[in-house]
Amino acid sequence: MGQARCRGRLMFHWQLLVSSVLLVANVAFASAETSGRYLLGPQDRVMIRVYDLRRNTGEAYSWAALNGEFSVGADGSVSLPLIGRIQASGGTPNDLADMIGKSVKETADLAETPAASVEVAKYRPFYVTGAVQQPGKYEYQPNLSVLQAISTAQGLVRAADLRLVQREVVTAGGDLRTLATERISLEAKQSRLEAEISSRDGVTFSDSLRAQSGNSKADQAMRGERLIFEARRNGLKAEIAALEQLKANYRQELVALDAKAKSLDRQIDLIRRELEVVNDLVAKGLTITPRKLAAEQSQASYETNRLDVQVANLRAQQSLSQAERDIIELQARFRKEALSDAAETRLKLDQNEERARTAESLVSNAEAQMLGADGLSEMLTPNYEILRFTGAGSATWRAQEEDLVEPGDVVRVTISRQKNGVRGEAEIPVRTRRVSERNQIDPSVSSSANDSGSALRASQEKAAQKRP
């Protein structure tokens with residue numbers, strides 16, 4: 001009877017001890033997940049304690065091999081002595097504790113399930129990148145907000161020498177304005193060259209140039225290129241017209257030479273007939289020989305003139321062909337120059353775009369370091385994004401300073417500049433990406449990520465309302 005009473009007291013004290021241990025573990029775990037159910041993941045370190053009550057002796061037995069600190073591996077499991085690997089990723093510490101107790105019971109063939117407790121000893125890190133002083137990986141702390149995460153990374157990026165950064169902004173801004181003016185001129189020139197290459201009657205400027213109508217620089221560039229186009233086109237037409245007139249003159253010369261040749265042919269035919277008559281008269285002794293010689297000389301003279309006319313005709317035809325070739329060469333040279341200038345202009349436009357991109361980057365980087373400067377803080381706005389990885393993929397959304405960060409999150413910080421009096425940039429939509437081609441992300445991932453952020457903010461508001 002006394003032994004039964006003693007055993008009952010031991011049982012009561014053991015239950016009290018186990019309850020106290022579990023209460024302490026639950027309190028510690030609750031402090032780590034005040035914002036909701038914390039889900040374990042790779043790189044988490046957990047403290048595991050497993051106890052068992054030996055009813056025959058009334059003593060608490062500690063499973064020393066299972067008691068200690070363990071890491072969640074890359075595959076999401078915890079490797080434990082005796083019972084092997086247990087999947088932890090995606091479950092809560094309580095879920096892991098339940099699985100450990102059941103595994104110990106099955107492995108050791110126990111009558112009752114041992115009492116197991118799991119608490120997070122060290123959370124997996126979070127990451128901060130972008131416009132901060134020290135981007136990198138940091139140790140997570142419970143209830144970590146975006147603003148606290150930025151503070152952990154030494155705050156937003158800022159310059160050591162503000163005056164030097166201001167000079168960089170002014171210099172890069174001047175380069176941007178110069179490059180913008182140069183680009184307007186190059187685009188206008190490119191439109192003019194395209195009109196010359198296509199042999200159009202006028203210059204058709206690009207939509208981007210026409211959109212800047214009213215800008216003095218754009219209007220001046222377009223007006224100048226129109227004048228150049230008209231001058232070059234009129235010059236080409238004048239040269240071609242001169243060559244066409246030269247061709248007409250050569251054709252008239254050919255017509256005159258042809259008429260002269262026909263006239264000489266008739267005279268040569270007449271002198272031949274006369275020479276035949278003279279020869280008959282000389283043969284009959286009715287005329288003297290000198291008359292025959294005079295007729296032969298006249299025939300030779302007319303034939304010589306006929307050869308001169310043929311030579312002149314060939315030269316006129318050659319000159320006509322040369323004039324036609326000159327027109328073709330003139331048009332080809334004009335088009336070749338336009339093509340060469342167009343290629344050079346395209347190259348300059350590409351170089352201009354690259355230099356402008358570099359200058360914009362310099363301005364953005366310099367302005368990002370001017371946060372806190374007088375008159376500049378209102379022009380620059382930090383933007384926060386949270387990239388959260390899930391089992392199916394990842395989700396990204398715009399965050400606020402008070403939003404809570406979870407272990408493994410990536411906090412990205414960017415600096416935007418006001419445009420036309422509007423602060424910041426457009427809202428960043430939720431983006432989802434595939435982890436692999438075989439593993440498509442469920443569309444619910446992004447919404448669940450947003451819902452989790454909203455739930456965190458809602459829980460914070462409720463907690464703030466309960467505070468005195």
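Leucine 82 is exposed in this predicted model, its relative accessible area being 61%, and a value over 50% is what places a residue in that class. The residue sits in the loop that links strand S4 (77-80) to strand S5 (84-87), and its phi is near 75 degrees, which is a positive value in a residue other than glycine.

Asparagine 143 also has a positive phi, near 60 degrees, and is likewise a residue other than glycine. Its position is in the loop between strand S8 (136-138) and helix H3 (146-152), where, with a relative accessibility of 37%, asparagine 143 counts as partly exposed.

| Residue | Phi | Relative accessible area |
|---|---|---|
| Leucine 82 | near 75 degrees | 61% |
| Asparagine 143 | near 60 degrees | 37% |

The packing of nonpolar side chains is the next topic. The largest nonpolar core comprises 44 residues, and within it Ile48, Leu80, Leu96 and Ile100 are those with the most contacts. Helix H2 (residues 93-108) supplies the largest share of this core, namely four residues. Apart from this core there is a second, separate one of ten residues, among them Ala195, Val203, Leu209 and Met222.

Which residues does leucine 80 touch, not counting those up to four places away in sequence? With that exclusion, leucine 80 is in contact with Ile48, Leu66, Phe70, Ile86 and Ile100; of these partners, Ile48 and Ile100 are also listed, together with Leu80, among the residues with the most contacts inside the largest core.

Notes: Residues numbered from 1 in each chain as written. Predicted model: local features only at pLDDT ≥ 70, side-chain atom pairs only at ≥ 80, totals over all residues. Heavy atoms only, no water. Core = buried A, V, L, I, M, F, W, Y, C linked by side-chain atoms within 4.5 Å. Buried < 20%, exposed > 50% of the residue type's maximum accessible area, 1.4 Å probe, protein only. Helix = DSSP H or I, 4+ residues; strand = E, 2+ residues; numbered from the N terminus. Contact = heavy atoms within 4.5 Å.
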